[in-house]
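Biologist: I'd like to learn how to read the features of a model like this one. Could you walk me through it?

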Amino acid sequence: MKLKIIKCHGSGNDFILIDIRNLKNIFYDEKKSEFAVKLCNRKKSIGADGILYITESQIADCKMRIFNSDGSEAEMCGNGIRIVGRYISEEKKQAKVNVENVTGLNYQIHKSNDFFENVIAYEVQLPPAIFECPDIPINTKSNELFNSYLPEISNTLKFSAVAMPNPHIIAFVDDVDINILEQIGKKANSIKTLFPNGVNVSLVQSINEETIYVATFERGVGITYSCGTAMCASAICSVKNGISSFGNKIKVLNKGGFINVLVESDWRCKMTGNATYVFEANLEFDLMKKEKIDVYKGNAFIDEISAYGNLVESIEKQIT
């Protein structure tokens, strides 16, 4: 069997995009997971943080399923949904489309013409953030977690918890230490009594009221260049801490680039960021043999790669 794929990224958070709308009867969930583990391996295959599967939806233009590199499924992916939005937008030749995620939420996505020179970008409207610990879920005595210690994972950092709807904990620091982030991220995701569904862990550095820098340990992936919902959760926490304000654009920097986030008074937010294609390829495989997947590369999107390189160069001084 042959299948076209697109290697792509949102803010450096890289994915393999696979449209399986015509394969719904044979691409069952176990196979989606197997493909993610196989293809996302950076040493032995294409390499990516996860696979974006496009499937049919009864309530939107399509449905997005995101499987992480370890084979687990995530509820939501802010960087990934922009890319899926672009794919469907270009397919339908519509500036605005709707994409359903696995939780059944429907996200409106539209093309943005005011992001960065020659960088294709899309804006996503996210639903209100969730702060109640039982709904995140986090098993704590408090109903909400805001600037509080979690001694099970750190005695020095204070965390705030937000679901977008995937679970996040956020700590503001003077300087982001990736080694500490990785240690805390691994520990947090090993304590299922505290985080039954795992958790994304972010360290955030406030640069000014309009700019923050975010680094994230993503459950099922590890340290990643960026995580869209983590950046939105961090912007929300910046507002809750009085650093940033409702209704003002917040530039959220990360290792892979940046996005813009606008937090509204009901804790909804709008996220604008790139949806960049890197290359097309073709897979040849037998669905019954998970160890045998051949990859034949096709065209590279040189102009998009170059434009995004200019974006990264423009912000390097802000995060070094």
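Biologist: Is strand S17 (residues 269–274) largely enclosed or open, and why?

Modeller: Strands are DSSP runs of E with at least two residues, and helices are runs of H or I with at least four, numbered from the N terminus. Buried means under 20% relative accessible area, exposed over 50%, and partly exposed in between (1.4 Å probe, protein chains only). In S17, 5 of the 6 residues are buried, so the rest of the structure largely encloses this strand. The model is predicted: local features need pLDDT of at least 70, side-chain atom pairs count only at pLDDT 80 or more, and totals for chains, interfaces and linings use all residues. Residues are numbered from 1 along each chain as its sequence is written, and side-chain values use heavy atoms, without hydrogens and water.

Biologist: Which strands pair with S17?

Modeller: Two strands pair if DSSP finds at least two bridges between them. Strand S8 (residues 121–126) runs antiparallel to S17, joined by 6 bridges, with Glu-123 opposite Thr-272. Strand S16 (residues 257–263) is also antiparallel to S17, over 4 bridges; there, Val-263 has Cys-269 as its bridge partner. S16 and S17 form a hairpin with 5 residues between them, and Trp-267 in the turn has a positive phi of about 70°.

Biologist: How should I read backbone angles?

Modeller: Most residues other than glycine have a negative phi, and most peptide bonds are trans. Here, Lys-93 has a positive phi of about 55°; this residue is exposed, at 75% relative accessible area. Ile-136 and Pro-137 are joined by a cis peptide bond, with omega about -5°, and Pro-137 sits in the loop between S8 and strand S9 (148–150).
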